[in-house]
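Here's a quick briefing to read alongside the model.

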Amino acid sequence: MYKFLFLASLFTVLVINCVKAQTNPSDQLILHQKSVKLNLGSQGIGGEFTYGIDKKVALRLGLNVIPVNVNDAFDFADFNSTSKASAKFTNIHLLADYTPFKSASAFRLVGGVAYFVRARGTMQVQPSDNYSYGDIVLTPDQVGYLNLDVDWKGIAPYAGIGLFKVIPKRRFNVNVDLGTYYLKQPDVKIVGTGILKGNNKQEGQLHENVKDYRWLPVIQLNFSYKL
Amino acid sequence: MKIYIKYSMVMLLLLSAFSCKKPTENIKLVVDTDILKYTAFIRVTDAATGTIPANAKITISGAAADNIYELSGKKNFNLVQGVVTIGLGPALTPTAANPVSCTATITATGYTTVTKTITFTADKSQQVINIQIAKAGSNTPPIVVPDPPVYPTPVVLTFTGTCSNRRDFEIRPSVYIMFRETGSNLPYQYLGYMDKGVITTTALGQGKTYDVQTTFNGEDHKVTQKIELPSYSLTLDMGNACNNF
C-alpha cells in the first residue's frame, strides 16, 4: 500500500512538473470557452459538453455508457458450470474541473456527481455437464439456471484529477481523467429456476460479498473539440 | 466480442481493486430434490403386530414400471425400515384422463405375498400407501394403528440437507417424514410430507423429544429434537444422496 502511495505521489509530481514545463500563462483563460468531448475509457463511451464558468473552473455535463459481457468470470467450487456476466452502466454526470496552479494549467482537480440511470451487473450460471439425478438425465430446463443481479443504480459522487487542458488551446486536444466514482451499496437479487429455485436464500451472503464493491475507477481519454 | 471481453476484464479488475471478496464466496448452491413430481410413500408392516417385517422386499411392475423410480431417481427399490418412496420420472405425467398405474409386490419370508396397485393421478402429487402383510396361514385380524395425537400449536421444521464432501452444496429435501417419541421404542409413524425442506405439523407436542426420520436412496436419516419452540431449523447430513447430483 505504501509502495502504491509513493508511486502515485511520484507520478503526480512528475506530471505536474511536465505540465509546468508546457504551460503558457495565457492558456489559463477558459472563461466562457466551450468544447465538446468524445470519451473512451473504463466508463465506456460517452460525450460531454464543457463550459468555462471561471478562469479556473469549467463545468462538464455528459453521458457515458458501458455494455460489457464476459464469460466464465466466476464459478462455484462444487458445481460444474458456465457463467455469463454482463455489466451495463449508464450515467449522466456533472463535473467541475478546477485548475489550482497558475503555472500548471494542465493539471486539474475534478469533482462532481453522477446519476447512474443504469448500473447493473448480472451473472447467469448454468450447469455445464449433462446433469443426472440418480438414473434420470435431466434436461437443462429441469436443472434450471441461476441469475445473480447486483444493482448500484443511484447517485454517486466523483473525485479525481485531470491531465492536460480541459478546453483545447486551439481546436483539438486529448486529455485524461483519472478518478473514481463511489457508488451506493448495491441491491442484490438471486433468481433460480428448475431445481435451483431455492437459491434466493443466498441473497444475504451475496450482498455481504459485494457490499464493498463501491469504487468504480475511471481511466478515460477525452478527445476535445473547441467550439 | 474479443474487445468486449478484454475490456470487461479490465473493468472488473478495476471495480474489484478495492474489494476483498469474490462475489460467489461462501455462496452455497441450493438444490431441490423434487424431481419426481408424483410420488407414493409405501410403508410395509406386519398386519398382526404393526412391526416391520424382516427381509421384506418390493418389486415394481406394470406398463409404467420403466418410468417409476425410487425418490433418489434410481431404479433400486429397497425397503428400509419398511418404507420406500417411489415416483414417476419426469418423462411421464398423469392427466385427468390418463392416470398412471403400477403394481407393487411385497414378498417376505414366511409371509403371504401381497400385490397392490398404485395409481398416480393428476390431482394428487403425494400419497401414502400402507401395506399390511400377514404371516402365511395367520388368521389374526389386522392391527389398527391409531392416528398420532393432534396438538394445538403447529410446529414448523425447516431442514437443510448438508454434504460433508461438498462444502458449497446444500439440499432442500422433498421427502416423506416419519417420527416417534424418543425412547418410546414404538414403530415410527407418518408425520407428513416435507416440501422443499419445510414441514408444518400439529403432531409434535411441546416439551417432548422426538426422533424424526426419512428414507432416501436406500439410507435412513435421523434427527433427534426436543420441541420447545414453534419452529426449528435443522440440518440433515444427506450421506450418499449428495452424490446423486
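Ser61(B) has Thr103(B) as its bridge partner in S6(B). Strands here are DSSP runs of E with at least two residues, helices are runs of H or I with at least four, and both are numbered from the N terminus. Keep in mind that this is a predicted model: local features need pLDDT of at least 70, side-chain atom pairs count only at pLDDT 80 or more, and totals for chains, interfaces and linings use all residues. Residues are numbered from 1 along each chain as its sequence is written, while chains are lettered from A and ligands numbered from 1 in the order in which they are written.

**The sheet around S6**

- That bridge belongs to the antiparallel pairing of S3(B) with S6(B), which runs over 5 bridges; two strands pair if DSSP finds at least two bridges between them.
- The open sheet has 3 strands in the order S3-S6-S7, with antiparallel pairing.
- Strand S3 (57-61) and strand S7 (114-120) of chain B are the edge strands, each pairing on one side only.
- Neighbouring strands of this sheet are turned by 25° against each other on average, direction ignored (axes are lines fitted to C-alpha atoms, for helices over the stretch in contact, and angles run from 0 to 180 degrees between N-to-C directions).
- Strand S6 (residues 100-107) of chain B also pairs with S7(B), in the antiparallel sense and over 7 bridges.
- Within that pairing, Ala104(B) has Lys116(B) in S7(B) as its bridge partner.
- S6(B) and S7(B) make a hairpin with 6 residues between them, and Gly110(B) in the turn has a positive phi of about 90°.
- In a regular strand the side chains alternate between the two faces of the sheet.
- On S6(B), the covered face holds Val100(B), Cys102(B), Ala104(B) and Ile106(B), and the uncovered one holds Ser101(B), Thr103(B), Thr105(B) and Thr107(B).

**Chain B as a whole**

- You'll find 1 helix and 16 strands in chain B.
- The C-alpha trace of chain B spans about 80 × 50 × 35 Å along its principal axes.

**Two domains**

- Chain B splits into domain 1 (36-133) and domain 2 (155-244), with bounds from an automatic or database domain assignment.
- The domain centres, taken over C-alpha atoms, are 21 Å apart.
- In chain B, 18 residues of domain 1 are in contact with 14 residues of domain 2 (contact: C-beta atoms, placed from the backbone, within 7 Å).
- On the side of domain 1 of chain B that touches domain 2, strand S2 (39-46), strand S5 (83-88) and strand S8 (126-133) each supply at least two residues.
- S5(B) gives the most to that side, with 3 residues.

- Ile199(B) sits in strand S13 (residues 198-201) of chain B.
- Ile199(B) counts as buried because it has 23 C-beta neighbours inside 10 Å.
- Leaving out residues up to four places away in sequence, Ile199(B) touches Leu157(B), Ile177(B), Gly192(B) and Met194(B).

Technical notes: A residue is buried if 20 or more other C-beta atoms lie within 10 Å of its own, exposed if 12 or fewer, and partly exposed in between; C-beta atoms are placed from the backbone. Two residues are in contact if their C-beta atoms, placed from the backbone, lie within 7 Å.
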